[in-house]
Amino acid sequence: MTVARSSVAVLAVTLALVGSALTGCTTDRVAPPDAGPDETSVSIEATGLVSNELADHVVGLVDPRWVTEVHENEDGDAGVGGAGGADHSERQWTVGRWVGVTAEAPQRALTDDLVAALVAEGWELRTDEPSVDGGRRAGLVGAAGDAEGYSITVIGGPDDSPLRSVDFQVNGPVVSTT
């Protein structure tokens with residue numbers, strides 16, 4: 001029961017931080033270029049802060065007794081295709097991390113538990129398929145509210161995989177920087 005209470009407390013703090021980060025920044029628009037002037041504004045940097053907070057939260061959901069290390073393999077924004085593709089004015093923040101686990105760790109169960117915890121918090125499971133090595137690749141999107149527009153992809157190998165990690169990526173919403 002302590003783990004459940006701890007997860008709820010972490011979620012509450014994360015959602016409070018997400019809300020303050022989203023409401024405190026107003027330099028760039030989240031809305032597509034054809035949206036009206038009443039659209040909520042947020043900077044690409046603000047989506048980066050929220051993406052990092054979400055990534056920290058996801059790391060915290062992995063059972064710590066199996067974790068050996070956490071590595072950040074991506075943290076930044078890049079241009080995306082679409083309306084602002086030519087000038088890269090449409091941008092998205094991405095945070096990628098991998099959580100190294102012990103040789104004895106049940107990677108598949110850790111991955112399943114992580115996905116289940118995110119779904120229990122309100123994340124919607126959009127894709128769920130085998131990963132290249134026979135593990136699991138799950139794509140989740142944020143529910144309405146503070147997490148709307150964010151997505152998390154979780155990849156975990158099978159228990160016999162020589163790659164001992166659970167990997168994930170958090171993507172922020174696409175932001176117009178024009």
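A salt bridge here is a side-chain nitrogen of Lys or Arg within 4 Å of a carboxyl oxygen of Asp or Glu. By this rule the count comes to nine. The model is predicted: local features need pLDDT of at least 70, side-chain atom pairs count only at pLDDT 80 or more, and totals for chains, interfaces and linings use all residues. Residues are numbered from 1 along each chain as its sequence is written, and side-chain values use heavy atoms, with hydrogens and water left out.

**View 1. Arg137 pairs with Glu129.** The closest N and O atoms of this salt bridge are 3.9 Å apart. Arg137 is partly exposed at 35% relative accessible area (buried is under 20%, exposed over 50%, partly exposed in between; 1.4 Å probe, protein chains only). Glu129 is also partly exposed, at 40%. Elsewhere, salt bridges that share partners join Arg108, Asp112, Asp128 and Arg136 into one network.

**View 2. Asp112 meets Arg108 in helix α3 (residues 107-120).** Their salt bridge is 3.1 Å, N to O. The two residues are four apart, so about one helical turn separates them. Helices are DSSP runs of H or I, at least four residues, numbered from the N terminus. Asp112 is partly exposed at 26%. Arg108 is partly exposed at 33%.

**View 3. Arg65 and Asp63 form a salt bridge.** The N to O distance is 2.6 Å. Arg65 is exposed, at 63% relative accessibility. Asp63 is partly exposed, at 25%.

**View 4. Helix α2 covers residues 44-61.** Of its 18 residues, 13 are buried, so the rest of the structure largely encloses α2.

Methods: The expected span of a helix is 1.5 Å times one less than its number of residues.
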